[in-house]
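Here is a short walk through one protein model. Keep the sequence and the structure side by side as you read.

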Amino acid sequence: MVPMILVTGATGTIGGDVLRQLLARGEKVRALTRDPAAAQLPPGVEVARGHHRDAGALAAAMTGVDSAFLVGVFGPEDADSDRGMTEAARVAGVRRIVKLSAIMAGDTRTGLGGVAHGRGEEAVRGSGLEWVILRPSVFASNTLSWAGPLRSGEPVPNMLGSGRQGVVDPRDVAEIAAAALIDPGHAGRTYTLTGPETLSPQDQAGVLGEVLGRRVDLRDLTPPETRALLVASGWSEESAQAMLRSVRFVAEGGNEVVTGDVAEVLGRPARTYREWARDHRGMFGGEWQGAVRRG
């Protein structure tokens with residue numbers, strides 16, 4: 001029998017790509033999603049209704065599963081969600097878990113996300129199961145949030161100053177996750193996944209502008225402006241303050257890291273931000289409406 005693989009976070013950037021890659025390899029895949037009707041999952045995927053913090057749904061989704069991809073940290077309410085998913089996997093007899101963590105997990109300077117991922121990694125390592133931990137840097141796809149301002153002819157808000165990061169293509173992360181779910185040779189490994197170079201927001205704006213054939217300007221935000229923007233977007237005061245710590249960490253060079261882990265696992269160089277931008281240029285859409293104001 002083909003073993004069953006469970007993918008949580010199945011409608012997200014990484015989880016969705018992991019699903020597609022596993023299906024392309026002929027694997028048997030189950031997806032955990034809270035709204036199957038709206039999920040628009042690929043044909044051939046078995047659907048399990050539920051939420052990553054719903055113990056009953058997790059127990060049902062983990063039944064009969066050989067390996068599971070855990071995506072459990074989305075916000076401050078998820079501080080212990082990885083622990084719950086890991087325990088559900090252990091009770092159900094899952095053999096291997098692959099946790100999507102984050103670079104600098106466990107470092108309290110990086111805010112709530114670093115703390116939550118640190119707790120999750122502890123749970124995974126102490127589970128007694130085969131485990132693999134993936135620690136990606138910032139995703140190239142995060143710049144899709146720039147599409148709205150670009151369509152409006154506005155500068156893109158920038159809260160990170162000129163902090164440089166090892167921007168990683170989420171397709172590389174998903175490809176490694178799929179390999180780790182299938183190949184036992186990755187068990188016990190923690191991979192820190194970055195692109196081949198560090199880039200500042202200004203670097204990314206320059207590359208994206210070249211790819212789109214239009215100017216991409218940034219408007220640097222002060223910490224109070226960043227906090228106000230986050231709160232206006234629905235963040236709690238506590239979460240906004242935690243994000244400010246993360247922002248300061250990056251702006252001061254704390255995430256200026258490049259590793260060779262992507263190349264080691266995939267046997268090829270990590271994709272560049274330019275490659276990602278070129279392949280996704282259509283997602284920025286719209287016609288350029290003239291010069292953009294400089295912030």
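Where pLDDT is low, the predicted coordinates should not be read in detail.

Turn to the largest nonpolar core. It holds 33 residues, and those touching the most other members are Val7, Ile14, Val18, Leu19, Leu22, Phe69 and Leu134. At least two residues each come from β1 (4-7), α1 (13-24), β2 (28-33), β5 (96-100), β6 (130-136), α7 (170-182), β8 (190-193) and α11 (261-266). Helix α7 gives the largest share, with 7 residues. A second core of 19 residues is separate, and includes Leu32, Ala68, Val124 and Leu129.

Setting aside neighbours within four places in sequence, Leu22 contacts Ile5, Val7, Glu27, Val29, Ala178, Leu181 and Ile182.

Now look at helix α8, residues 201-212. How far apart should its ends be? At 1.5 Å a residue, its 12 residues should span 16 Å, and the end C-alpha atoms are 16 Å apart, so the two agree. Buried in α8 are Pro201, Gln204, Ala205, Val207, Leu208, Gly209, Val211 and Leu212. These buried residues pack against α6 (147-151), β7 (156-158), β9 (218-220) and α12 (273-279). Just after the helix, Gly213 adopts a positive phi of about 70 degrees.

Notes. Residues are numbered from 1 along each chain as its sequence is written. This is a predicted model: local features need pLDDT of at least 70, side-chain atom pairs count only at pLDDT 80 or more; totals for chains, interfaces and linings use all residues. Side-chain values use heavy atoms; hydrogens and water are left out. A nonpolar core is a set of buried Ala, Val, Leu, Ile, Met, Phe, Trp, Tyr and Cys residues joined through side-chain atoms within 4.5 Å. Buried means under 20% relative accessible area, exposed over 50%, partly exposed in between (1.4 Å probe, protein chains only). Helices (H or I, at least four residues) and strands (E, at least two) are DSSP runs, numbered from the N terminus. Contact means heavy atoms within 4.5 Å. The expected span of a helix is 1.5 Å times one less than its number of residues.
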